[in-house]
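Visitor: I would like to learn how to read the contact between two chains.
Guide: Look at the sequence and the structure first.

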Amino acid sequence: MEETNKIGETTKKEEQTSTQKIGIYLWIWLLLFVLSFFSYMVDWYQFQGMLRWSLILFFMFLKAGLIMAFFMHLFWERYALVNVLLWPMTAIACFIFLMTAEFKYTLFSRFFYFVVGGA
Amino acid sequence: MSEQKIDGFELKPGFKGMASDTGSDQTMFKGVHWGKAMMWIFLLSDTFVFSCFLISYMKGRGSTIVDWPNTSEVFSLYVGGVPVPLLLIAIMTFVLITSSGTMALAVKYGYEKNRKMCGWLILATAVGGLTFVGMQVFEWSKLIHEGVRPWGNPFGASQFGSFFFMITGFHGFHVSIGVIFLFIYTYKVFAGHYESKKRGWFTKMKGDYVEIEILGLYWHFVDLVWVFIFAFFYLW
């Protein structure tokens, strides 16, 4: 809603009243279907090893990115909001790194004491 | 859009805009409804909850010396005597994406003040969510019949059951809460609460279609979490 204030500036009083064209939502929707179909095909054709993991992660991040950027409108939001939301995610990456080291150690201990029988 | 102004404050683009927004001695999130900002903060905290579940699943699965159950076989359905791997999960994924799409369109039509379209699309989203929860109930009861328990199962590592019920259960709980709110907002839109400026939830502020976008954020987040669960729990 555009209003003119005392000094004569045009001010935007209300939050986001303009909307995106319907086409972009339909395209993203279609892309999400196609990507989900592809990630299902990864299991259907029983890809294994690095190929399987990289394909799964690739489709996953692509889908997550499309949902966040367009369905959740982050693509159009101001950087002040986007950065507040995305930087804390690095803490999750740190946690994943720590727990990877942890599960490797636990696995090693279990093999060492349960299977090998200790030193 | 550097000429755009909110309450006389000039909005700069990019990181420069971020710096001036943050250091403006005013509200930091320019042009963002307070409810939308709060929903984002809530979703951020919820992201951490789901991350903790998925990371503990990674830790549990990575540290067991017993083989993890083959999810492709555990979650297969028999169609005409032939096992189809992950069939139900694939259908659930498509149902949830469909409902996410209808929600995105509902937000769009809401901002365009197209009350009828917005209402029908929210109703479609709610029905999609309900279908998803229904299929999840079917999946749970099937696995419980096959002997999957939080403390053990006939397919492999005993941690499988506890992670499965915890992660999909918490996600299903989010979907269920979402479905309840979708039905409430279907009523609110059809009853014209945003045209008559009836007050919103727990607030004296007048209702507006921005509430549909806030509801949409929650619903897309539920879909987003499913993307990660589908990848890590079912496909990995």
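This is a predicted model: local features need pLDDT of at least 70, side-chain atom pairs count only at pLDDT 80 or more; totals for chains, interfaces and linings use all residues.

Guide: Residues are numbered from 1 along each chain as its sequence is written, and chains are lettered from A and ligands numbered from 1 in the order in which they are written.

Visitor: What is the secondary structure of chain A?
Guide: Helices (H or I, at least four residues) and strands (E, at least two) are DSSP runs, numbered from the N terminus. Chain A has four helices and two strands, in the order β-β-α-α-α-α.

Visitor: How many residues does the contact take from chain A and from chain B?
Guide: Two residues are in contact if their C-beta atoms, placed from the backbone, lie within 7 Å. Chain A gives 47 residues and chain B gives 50 residues. On the side of chain A, the largest share, twelve residues, comes from α4(A).

Visitor: At what angle do α3(A) and α1 of chain B pack?
Guide: Two packed helices are described by the angle between their axes and the distance between the axes. Axes are lines fitted to C-alpha atoms, for helices over the stretch in contact, and angles run from 0 to 180 degrees between N-to-C directions. Here the angle is about 90 degrees, and the axes of α3(A) and α1(B) (residues 14-22) are 8 Å apart. The pair is therefore roughly perpendicular, a term for angles of 65 to 115 degrees.

Visitor: Which residues of α3(A) make that contact?
Guide: A:Tyr79, A:Ala80 and A:Asn83 do, and the residues of α1(B) include B:Phe15 and B:Met18.

How values were computed:
Angles under 35 degrees count as roughly parallel, over 145 as roughly antiparallel, 65 to 115 as roughly perpendicular and the rest as oblique.
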